[in-house]
2 protein chains.
Amino acid sequence: MTTRVGIYGYGNLGRGIESALKYADDLELVAVFTRRDPSSLSLSTAGVPVVSVNDVESYKDKIDVMILCGGSATDLPVQTPKLAKLFNVIDSFDTHAKIPEHFAKVDSAAKSGSHIALISAGWDPGMFSLNRLYANAVLPNGKDYTFWGRGVSQGHSDAIRRIEGVADARQYTCPIESALESVRSGANPELTTRQKHTRLCYVVLKKGADAAKVENEIKTMPNYFSDYDTTVNFISQEELDKNHRGLPHGGFVLRSGKTGFNLENNHVIEYSLKLDSNPEFTGSVIVAYARAIARLHNEGVNGCKTVFDIAPAYLSPLSGEQLRATML
Amino acid sequence: MTTRVGIYGYGNLGRGIESALKYADDLELVAVFTRRDPSSLSLSTAGVPVVSVNDVESYKDKIDVMILCGGSATDLPVQTPKLAKLFNVIDSFDTHAKIPEHFAKVDSAAKSGSHIALISAGWDPGMFSLNRLYANAVLPNGKDYTFWGRGVSQGHSDAIRRIEGVADARQYTCPIESALESVRSGANPELTTRQKHTRLCYVVLKKGADAAKVENEIKTMPNYFSDYDTTVNFISQEELDKNHRGLPHGGFVLRSGKTGFNLENNHVIEYSLKLDSNPEFTGSVIVAYARAIARLHNEGVNGCKTVFDIAPAYLSPLSGEQLRATML
């Protein structure tokens, strides 16, 4: 059985989904939906129509899972509940603090349309969340740590670009190796924001801009930079384009915990990702979960779910028998 | 609701389960079953009876999940199907090649008694298997690597102890750091057995034994040592007792894989465990899965399952709402 998939929104993540679908023989890309003029988009997959979001309802019976690729700030809070009435949907909503509210809205919409919805798929939230849950369930007496990077933060890059005199910028979030090592040693350190990550900025100035002023404005920017040790490097646009065009990312989830009648033994569980392309990896996770929710919907499951609710076997194209024989 | 638990077999793993149950408020240890004279065992938990395995049937309605702590070679192939007719059961069957056969027998027994059974829980099989499955589902184009250690292999320690002239021994399996680094770099190396692990042995000789002969016998032992670079250190019984009594273990599961329309981007997923006590960590995993299968049985689920079939949320004592608010 082939699962028919739609992509709703065609930015970096949409393209990441499209490329991941190329390697999923049991999933078929049926259409890409856009708010832009459909004729302005050219897909990498031959023969797939680009459709205006205004015509999405006409695809109601032609798509088994709609993958939403909008942003968490303003797109998904509206789009996911709306589309969950028409389709089984999956999104990568990543505003951690607003997940309960988003879940409630999507759950009620999905149930009203007898659909299944999966929110917050990707790697954080997503694979990192899974590892937090498994590690907490296994080691109830312990402490969690999450480190991000080394990777490009698009939010922080955008914040720098909004500064007067800045032509372009790229910001890398970098975990501090000595902090990671301290966690790995089982020392259970208390770490401040500044002790966990540094911020490394590559900035292209506009002609005549004041470098010292820009550097000071970055380093003192509240929320984004003021709580971190921040390094600012001024480079040319050519160098930025040559060396900093990719979207690498990754990070580490660790739990250090104790067992034994007197909690005398320590254990460290570590999960890490080193990603050349954040949107392609995120897309690959979402495609695996699209497979899972299509199957669950065929079994009659409706309503909003998260990665916590999906048994791992549903993600794999292999049968239970094959999985037990090869991966257990 | 409290889940009533029994422990069947009281060796290292049985004690690991007992200590893990101390930190699971929703699970209650009801009895420990033994083939030995029950009066010869003294538990660490006050007020829990030790019962002969011959009387296990009388506990049919007093136990929600029976945790089997026997060995995979001869105990579990008999015990798990037998007890699955009477109880919901969970075991840590770890003979990878025989899992399909074990699964089939346990499945039919569990279904005949309308029970649920979970086989092969622990960390390998178990947490490592989960990570293989997730990583394969997300990165279909890639290569898997598993490294074990640094940790005590009881099978290899036993093999050394069977050599004439050996009074006692401890064998550590050690991953080769340069091989791990090569995998982490995304180089996708082909690694032979010898390139992945070394074997480090601490041996206490009997009086008058020939050290050179023992060392040669260890290093040339087929299956166990001949395919590895093996180091043999002769030490006193006092030193062995002082420095090598623990049962540390751990290891690494990695998948390196490519994404993109032309598979141009590489990603590395790594999961690792560093465990002070192998039986206590294994016991902690099993206790979390005991919670899960008790819940699933209450929902009407029967038959044999593995960690692949259990949605992560079932492992945690927290509600779905709490999990979404704190761990997603």
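Me: Which residues does W148(A) touch, not counting residues up to four places away in sequence?
Reply: The model is a predicted one, and in it W148(A) is found in strand 7 of chain A, residues 142–148. Leaving out residues up to four places away in sequence, the residues that W148(A) touches are W123(A), D124(A), F128(A), T173(A), C174(A), P175(A), H197(A), H249(A), G250(A) and G251(A).

Me: Is W148(A) buried, partly exposed or exposed?
Reply: The relative accessible area of W148(A) is 33%. Buried would require under 20% and exposed over 50%, so with 33% the class of W148(A) is partly exposed.

Me: Which residues does the UniProt annotation "binding site" cover?
Reply: The annotation comes from an unreviewed UniProt entry, and T173(A) and H249(A), which are among the residues it covers, are also among those that W148(A) touches.

Me: Which residues line the largest cavity?
Reply: A search of the whole structure finds one cavity of 30 Å³ or more, and the largest cavity has a volume of about 50 Å³. Helix 4 of chain A and helix 4 of chain B each supply at least two residues of its lining, which divides into six nonpolar, two polar and no charged residues. The lining residues are M127(A), L130(A), N131(A), Y134(A), M127(B), L130(B), N131(B) and Y134(B).

Me: With which residues is S129(B) in contact, leaving aside its neighbours within four places in sequence?
Reply: S129(B) is found in helix 4 of chain B, residues 127–138, and is buried because its relative accessible area of 0% falls under 20%. Apart from neighbours within four places in sequence, its contacts include residues of chain A as well as of chain B, and they are M327(A), L328(A), W123(B), D124(B) and F308(B).

Me: Which helix of chain B gives the largest share of the lining of the second largest pocket?
Reply: The second largest pocket holds about 1200 Å³ of space, and of the 31 residues that line this pocket the closest to its centre are D94(B), D124(B), Q154(B), G155(B) and N278(B). Helix 1 (12–21), helix 5 (154–161), strand 10 (197–205) and helix 10 (278–298) of chain B each supply at least two lining residues. The largest share, four residues, comes from helix 5 of chain B.

Me: How many charged residues does the lining of the second largest pocket have?
Reply: Domain 1 (3–124 + 279–327) and domain 2 (151–176 + 192–247) of chain B each give at least three residues to this lining. By class, the lining has ten nonpolar and 17 polar residues, and the number of charged residues is four.

Conventions:
Residues are numbered from 1 along each chain as its sequence is written. Chains are lettered from A and ligands numbered from 1 in the order in which they are written. This is a predicted model: local features need pLDDT of at least 70, side-chain atom pairs count only at pLDDT 80 or more; totals for chains, interfaces and linings use all residues. Side-chain values use heavy atoms; hydrogens and water are left out. Buried means under 20% relative accessible area, exposed over 50%, partly exposed in between (1.4 Å probe, protein chains only). Contact means heavy atoms within 4.5 Å. On a 1 Å grid over the protein atoms alone, a cavity is a set of points where a 1.4 Å probe fits but cannot get out, and a pocket is an open set with protein on both sides within 12 Å along at least five of seven lines; lining residues have an atom within 4 Å of a point. Grid points are joined across faces, edges and corners, and a volume is the space filled by probe spheres set on the points. Ala, Val, Leu, Ile, Met, Phe, Trp, Tyr, Cys and Pro count as nonpolar, Asp, Glu, Lys and Arg as charged, and the others, Gly among them, as polar. Domain bounds come from an automatic or database domain assignment. UniProt positions are given in the numbering used here, feature names are shortened, and annotations may be inferred rather than shown by experiment.
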